[in-house]
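User: I would like to go through this model slowly and ask where each description of it comes from.

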Amino acid sequence: MSEASDQLYNFALLDEDAKREIRRKLLKAVALPGHLVPFASRDLPIARGWGTGGLQITLSIVTPADTLKVIDQGDDESVNAVNLRRLINRTTGVTTTTDTAAATIIQTRHRIPEEPMRADQILVLQVPMADPLRWVEPNLERATMMHSEADYGKMWVYMYESVVRAGDLRIASQYPVIVNRRYLMDTTPIPRWDVPKLHMADTLYLFGAGREKRIYAVPPYTIVEPLQFEDYPFRTEYRPGQRCARCGAEHTFLTEHFVSDSNGGRWETTCSDAAYCAKRVAQMEATA
Amino acid sequence: MTIVATPPTPLERFNSLAFRVLLDCLARPGKVGRLPPPPFADLPPLPDGTPPNTVAVAAWLSLLDQTVSFAHAVGAEWLPVDYPLTRWLALRTNARPADPSATDFALLHDPSGTTLFGDLNIGSLLEPERSCTVFLSLPEIVPNGAALRLRGPGIATTATVGLRGVAPTELAAIAARPSQFPLGIDLFLIDQQGRCLGLPRTTQIEVI
């Protein structure tokens with residue numbers, strides 16, 4: 001087969017009109033921090049709900065000079081991340097990496113990398129549920145009205161009820177925040193550990209919800225405040241004495257998994273950000 | 001790994017590179033970006049016979065297609081639908097020339113167009129994203145200069161920027177543009193050398 005007949009697709013898969021539409025919506029999303037901007041959400045060779053929102057943003061902003069990293073729950077090697085990375089790479093030819101510091105665009109599902117991100121990088125988050133008011137107002141039209149009027153009383157009642165029922169703010173992930181003192185925003189299922197990284201960051205955060213057809217953004221140096229009460233403040237998952245079993249890091253987000261051995265097995269906690277953990281291990285081995 | 005896509009054409013390449021500059025400038029007001037060289041140079045002239053700012057037109061066109069409407073102005077006058085440059089823009093993009101109050105994208109070919117800000121759509125509380133995106137062409141943007149002081153999202157503390165060839169009344173009009181968050185217009189200033197400054201509605205502008 002000749003080389004030309006292998007080139008079946010437009011650069012970055014999406015047609016130019018689709019990219020242009022997403023670009024227009026991204027500009028409006030940046031001008032309206034935390035506001036949900038509707039977009040067309042084209043069909044892709046992967047199913048909606050598998051990262052199509054983030055993927056469409058990445059495909060619309062990527063240029064041949066970019067270096068791309070894709071992570072899923074902090075891991076570069078999970079099936080979703082590997083497939084998305086391969087799709088983007090085969091339709092653009094951009095360089096891919098697992099090193100956070102080397103990437104210019106990072107597409108992520110449910111984590112923000114542990115290494116601090118810089119001003120020249122963009123983080124694209126995949127969003128399963130765009131509207132935080134879904135918990136208290138399932139009707140989309142009414143929820144849009146509530147956003148337009150900054151009417152978040154029901155959400156505060158939800159938070160209060162969570163304290164009354166559970167004795168604390170019982171929200172594991174997808175923690176609701178107020179952006180730029182105006183819009184209530186869903187942080188996507190990133191752990192609470194990552195929420196403070198949105199506040200006054202150096203990096204631009206873009207959020208894409210493909211199934212729900214919404215785009216939103218948090219520009220750099222923007223005030224992002226988690227919902228909390230004076231006597232029940234927002235807290236991250238940090239446990240004093242916590243430690244990664246592999247690299248020994250004490251200030252990262254950890255995941256727990258079962259390791260079987262001759263004694264029947266044990267629970268082990270390791271860094272959720274696999275590339276960061278591997279980097280630390282490599283550094284320790286180099287200095288040892 | 002085999003690449004299964006064609007490389008971008010010069011126009012597509014310009015559009016994607018220009019978008020990254022526009023996105024970066026809008027996300028970081030006060031940062032002066034540099035747009036890539038425009039992919040065409042055969043623009044019909046403005047009414048006074050001078051050529052339009054090609055890079056400003058090209059960056060603006062990179063966002064236009066058949067689903068949006070546009071209007072453009074020289075001085076304090078909106079140019080008519082049958083004007084040669086209007087027709088050239090409509091033919092290139094398939095975008096519809098429209099009344100300024102309903103237009104999605106406006107291009108102001110010189111700083112005196114700042115008097116027209118009041119004509120433009122600022123969106124509604126239900127759909128603030130339907131407001132107008134305005135490109136304003138001006139003689140020169142000076143990074144870290146002393147014409148405007150900026151504050152707001154995207155700026156760590158404050159930022160300053162200089163604008164040459166812009167009258168004090170026009171600077172005041174930029175500072176007083178329609179921007180009552182979440183409503184308002186979003187502004188890109190682009191100079192003759194392709195320098196670009198983004199002023200989203202969230203930015204508080206003060207004339208120094």
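Predicted model: local features only at pLDDT ≥ 70, side-chain atom pairs only at ≥ 80, totals over all residues.

User: What makes residues of domain 1 and domain 2 of chain A count as in contact?

Analyst: Two residues are in contact if their C-beta atoms, placed from the backbone, lie within 7 Å. In chain A, 15 residues of domain 1 are in contact with seven residues of domain 2. The domain 1 side of this contact divides into three nonpolar, four polar and eight charged residues.

User: Which residues make up the contact of chain B with chain A?

Analyst: Chain B supplies 36 residues and chain A supplies 39 residues. On the side of chain B, helix α1 (residues 10-27) gives the most, with nine residues, and that side as a whole divides into 22 nonpolar, seven polar and seven charged.

User: How do you know that β7 and β8 of chain B pair?

Analyst: Two strands pair if DSSP finds at least two bridges between them. Strand β7 (residues 140-151) of chain B is joined to β8(B) by seven bridges, so the two strands pair, and they run antiparallel. Leu163(B) in β8(B), for example, is the bridge partner of Ile141(B).

User: Why are β8 and β11 of chain B said to stand at the edges?

Analyst: The open sheet has the order β8-β7-β11 in chain B. Because β8 (159-164) and β11 (204-207) of chain B each have a single partner strand, one side of each is left without a neighbour in the sheet.

Note on methods. Residues numbered from 1 in each chain as written. Chains lettered and ligands numbered in written order. Helix = DSSP H or I, 4+ residues; strand = E, 2+ residues; numbered from the N terminus. Nonpolar A, V, L, I, M, F, W, Y, C, P; charged D, E, K, R; others polar.
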